[in-house]
Amino acid sequence: MPVDAQIQGLLDLIASKNLPPHYLLAPPEARVAMEKSRAIMRGPEVPLARIEPLSIPGPAGTIPARLYAAGTGRPLPMLVYFHGGGWVIGSLDTHDDLCRRLAIASGCLVVAVDYRLAPEHKFPAPVEDSFAATRWIADHAQALGGDARRIAVGGDSAGGNLATVVALLARDQGGPALRFQLLIYPAVAKDFTLPSMKAYGEGFLLTMPGMHWFWNHYLRLNADARDARACPLLAPSLKGLPPALVATAEYDVLRDEGEEYARRLQAAGVPVRLVRHDSMIHGFATMSVVSRTLQIVTEWGRALREGLA
């Protein structure tokens, strides 16, 4: 299928501005650029019953977070969400709109985690923050208005990577008990030989040079790419992980690795639903000006509701 017409319009608009790609910028400049680009991709602000800042104790200081709830009922099922941005860019604000919409669509209490970013804080710092935050949220679920028996992890791109790793760590380190994974075009392998990497490496927002830039900033050494906490596709076993929805995009360099991860989950006996969103590109989850995105986010919310029922 051709690229969604509304997304193509956004790509054309971005191209018309002749902005340098993020991989030619220093990380602080790239973060500002992402904030600006996301501002033109999101629709009107969606009001919620509760939006509250949180401060979570982490291994290297306080981890900022933000709580979203569409209703005031308690206790609510919970989604711990990790934003995308290649472990280098992205923030609570770039994914604020998506978290609001997921809270509405799922009925979940969503807690977005603002983990430390590379290159100032390289691997495994984002992993450590994400796991520590998930444990704290589970321990304080009742005070937050959530149900500790119904917790999911989720994220997009690098955030999807962190969600998969948190699920693995929770399995191997005694909890918390997780019920579901929402993995949105997750980055799970440092592999530039995959067909989707070659086919869609230019022209679709996330590029092959961009992925090189992200991985180079995130990892300390080449050997880190052999660590399953960085590349969860390398995990020796995926048995015993919570059920998952793995969402990929047709025109995305990360498509093939995400779909391979879903197949490995299935082979390990994990209930998994793999959905390739035709006509979509990497990053579409935060493009709420796109009609198809709104439909898909509603579908993800329904999957969360069912997975945490």
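**First stop: helix α6**

Select residues 158–172, which form helix α6, a run of 15 residues reaching 21 Å from the first C-alpha to the last, close to the 21 Å expected at 1.5 Å a residue. The expected span of a helix is 1.5 Å times one less than its number of residues. Helices (H or I, at least four residues) and strands (E, at least two) are DSSP runs, numbered from the N terminus. The model is a predicted one, in which local features need pLDDT of at least 70 and side-chain atom pairs count only at pLDDT 80 or more, while totals for chains, interfaces and linings use all residues. Residues are numbered from 1 along each chain as its sequence is written, and side-chain values use heavy atoms, with hydrogens and water left out.

Colour α6 by accessibility: 13 of its 15 residues are buried. Buried means under 20% relative accessible area, exposed over 50%, and partly exposed in between (1.4 Å probe, protein chains only).

**The two ends of α6**

Select Ser157 next, in the loop between β5 (146–156) and α6. Ser157 has a positive phi of about 60° although it is not a glycine, and it is buried, with a relative accessible area of 7%.

**Trp87**

Move to Trp87, in the loop between β3 and α3 (96–106). Trp87 counts as buried, at 0% relative accessibility.

**Two cis peptide bonds**

Select Arg74 and Pro75: the peptide bond between them is cis, with omega near -10°. Pro75 is placed in the loop between β2 (61–69) and β3 (76–82). Now select Ala118 and Pro119, which are also joined by a cis peptide bond, with omega near 5°. Pro119 belongs to the loop between β4 (109–113) and α4.

**Asp129 in α4**

Continue to Asp129, in helix α4 (residues 125–139). Is Asp129 buried or exposed? At 3% relative accessibility, Asp129 counts as buried. Display its contacts (heavy atoms within 4.5 Å): neighbours within four places in sequence aside, these are Pro59, Ile63, Tyr115 and Arg116.

**Val272 in β8**

Select Val272, in strand β8 (residues 272–281). Val272 counts as partly exposed, with 23% relative accessibility. Leu245 is 27 residues away in sequence, yet its C-alpha lies 5.8 Å from that of Val272. Beyond neighbours within four places in sequence, Val272 is in contact with Ala244, Val246, Ala262, Leu265 and Gln266.

**The whole chain**

Finally, select everything. The chain comprises 10 helices and eight strands. Its radius of gyration is 18 Å, close to the 19 Å that the globule rule gives for 309 residues, so the chain is as compact as a globular protein of that length. That radius is taken over C-alpha atoms, and the rule is 2.2 Å times the number of residues to the power 0.38. Along the principal axes, the C-alpha atoms fill a box of roughly 50 × 45 × 35 Å.

Of the 309 residues, 60% count as buried. Among contacts with a separation of 6 or more, 78% join residues 24 or more positions apart.
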